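Biologist: I have a structure open and want to learn how to read it. Can you take me through it?

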Amino acid sequence: MERESNNSIEQLVQLAIEGNRDAFSEIMKLNMNKIFTLTYKMTGDKDVAKDLTQDSFVTAWEKIKSFRGEGNFNGWLLRIASNKGLNYLKRIKQNVRLDNDQFENHLQPNLSNQPDTEMERKEMQNSVLYFMSTLPVQQRLAFELRFYKELSFKEIAEISGNAIGTVKTNYREAVKKLREHAIEKGWRK
Amino acid sequence: MKCNEVKNELMLITDDKELTSSLREHLLRCADCKKYYEEMQNLLEDFGSDDLFSPTDSETDAMIKNINNEITKKKPTIIPLHRYLSIAAALILVLGVTYIARKTGEFDKYKQPIYANSDSINRAENNSNLLNDDYEMYGNYFEQLNLENYETDEEFLYYLSDEDFEYLEDNFDVKELLL
């Protein structure tokens, strides 16, 4: 969950630019969830997500003086984390497609925004991670930023460095696959 | 708008508020597209939320701690002010001494005067004569070779005696001659 802060994000960023470590800690607390969930779903690996999240914030601290308020800070942070995720996937040179066998027992999860039990929650997590792993990385990023982070296509284009048209195509392809995936798994007719 | 185009647009929508008036109008009169849109929205709505992947508070705290440690490790070493002052003082000293020495002519003491003597004058004259001799000798040599008798450089080299070739090789850059 996002944590509360007394200062606005703009004030915190300004203080962090001036070298205030406490302000930067506040920024981390406010954005940790966003960055972690992004890297988690991109890589499908919780430990890798932790490393990439930490790495993203260290980079953000090192480069914060170069942030001149152009665009929003949220997008700037997400761009750093997205690049970390993409670089990681490029480095390991594989599409991190998760093993389908792992999900054989979860072909028909109880889809709901609020899973009641820990097991349902885990099943839901697995379903999402498996689906995400079947997407090419750029589609995965577009789906993550659009659907989960609720960003506009323009913002996603700025973060991913792709044209808006490309981002829309990537997202559309991901949604088509989600629909096919749901039909295949019997979630939807 | 055709239904296919509408469905393509609907796929990009994650919230009803994003529906344009033309899409709304189409959904009002097309049951198939309306059904498609509702199904899509339900599917997306059901497909979990970010909360499923949130780190626990202890995981968040551990990450923040690690990040802070990493930042502290990477903190650049700050050179204390007194170090800067001592470097500045040393520079001022060196530049000051150099300036004063130039002003007072101290450096002139170490300049080596060059005196012309009979030996150096003779050596220069000899060198000059040698150069004139060489120039004359090479000129005569080329005249003897009658270069105009040969149509190409290759022809010239073909008829050149070993002795002449050796002489040319020792005294000229053959590549330059051929150019």
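Modeller: Start with the fold. Keep in mind that the model is predicted.

Biologist: How many helices and strands does chain A have?

Modeller: Chain A has eight helices and zero strands. Read from the N terminus, the order is α-α-α-α-α-α-α-α.

Biologist: What share of chain A is buried?

Modeller: Of the 189 residues in chain A, 38% are buried. Now look at the contacts in chain A between residues at least 6 apart in sequence: 61% of them join residues at least 24 apart.

Biologist: Where should I be careful?

Modeller: Where pLDDT is low, the predicted coordinates should not be read in detail. For chain A the mean pLDDT is 84, and 80% of the residues reach 70 or more. One stretch of chain A, residues 102-112, has pLDDT below 50. Beyond near neighbours in sequence, that stretch still has 21 contacts in the model.

Biologist: Which elements of chain A have the lowest and the highest mean pLDDT?

Modeller: Helix H5 (residues 118-134) of chain A has the lowest, at 86. Helix H3 (residues 46-63) of chain A has the highest, at 95.

Biologist: How do I describe two packed helices?

Modeller: Two packed helices are described by the angle between their axes and the distance between the axes. Take a pair within chain A. Helix H6 (residues 137-148) and helix H8 (residues 164-184) of chain A pack at about 90°, with axes 8 Å apart. H6(A) is therefore roughly perpendicular to H8(A).

Biologist: Which residues meet there, H6(A) against H8(A)?

Modeller: From H6(A) come Gln138(A), Gln139(A), Ala142(A), Phe143(A) and Arg146(A). They meet Val167(A), Asn170(A), Tyr171(A), Glu173(A) and Ala174(A) of H8(A). By class, this contact has five nonpolar, three polar and two charged residues.

Biologist: Now the two chains. How many residues does each bring to the contact?

Modeller: Chain A brings 36 residues and chain B brings 24. On the side of chain B that touches chain A, helix H3 (31-46) and H4 of chain B each supply at least two residues. H4(B) gives the most, with seven residues. That side of chain B divides into twelve nonpolar, seven polar and five charged residues.

Biologist: What does H4(B) pack against in chain A?

Modeller: H3(A) packs against helix H4 (residues 57-74) of chain B. The angle is about 45°, and the axes are 9 Å apart. H3(A) and H4(B) are therefore oblique to each other. Their crossing is right-handed.

Biologist: Let me zoom in on one residue. Is Gln54(A) buried or exposed?

Modeller: Count C-beta atoms around Gln54(A), a residue of helix H3 of chain A. There are 25 others within 10 Å, so Gln54(A) is buried. The cut-off for buried is 20 or more.

Biologist: What does Gln54(A) touch, leaving aside neighbours within four places in sequence?

Modeller: Gln54(A) is in contact with Met63(B), Asn66(B), Ile67(B) and Glu70(B). Within chain A, compare sequence with space for Gln54(A) and Ala81(A). They are 27 residues apart in sequence and 9.5 Å apart in space, C-alpha to C-alpha.

Notes. Residues are numbered from 1 along each chain as its sequence is written. Chains are lettered from A and ligands numbered from 1 in the order in which they are written. This is a predicted model: local features need pLDDT of at least 70, side-chain atom pairs count only at pLDDT 80 or more; totals for chains, interfaces and linings use all residues. Helices (H or I, at least four residues) and strands (E, at least two) are DSSP runs, numbered from the N terminus. A residue is buried if 20 or more other C-beta atoms lie within 10 Å of its own, exposed if 12 or fewer, and partly exposed in between; C-beta atoms are placed from the backbone. Two residues are in contact if their C-beta atoms, placed from the backbone, lie within 7 Å. pLDDT is the predictor's confidence in each residue, from 0 to 100. Axes are lines fitted to C-alpha atoms, for helices over the stretch in contact, and angles run from 0 to 180 degrees between N-to-C directions. Angles under 35 degrees count as roughly parallel, over 145 as roughly antiparallel, 65 to 115 as roughly perpendicular and the rest as oblique. A crossing is left-handed if the near helix is turned anticlockwise from the far one by less than a right angle, and right-handed if clockwise. Ala, Val, Leu, Ile, Met, Phe, Trp, Tyr, Cys and Pro count as nonpolar, Asp, Glu, Lys and Arg as charged, and the others, Gly among them, as polar.
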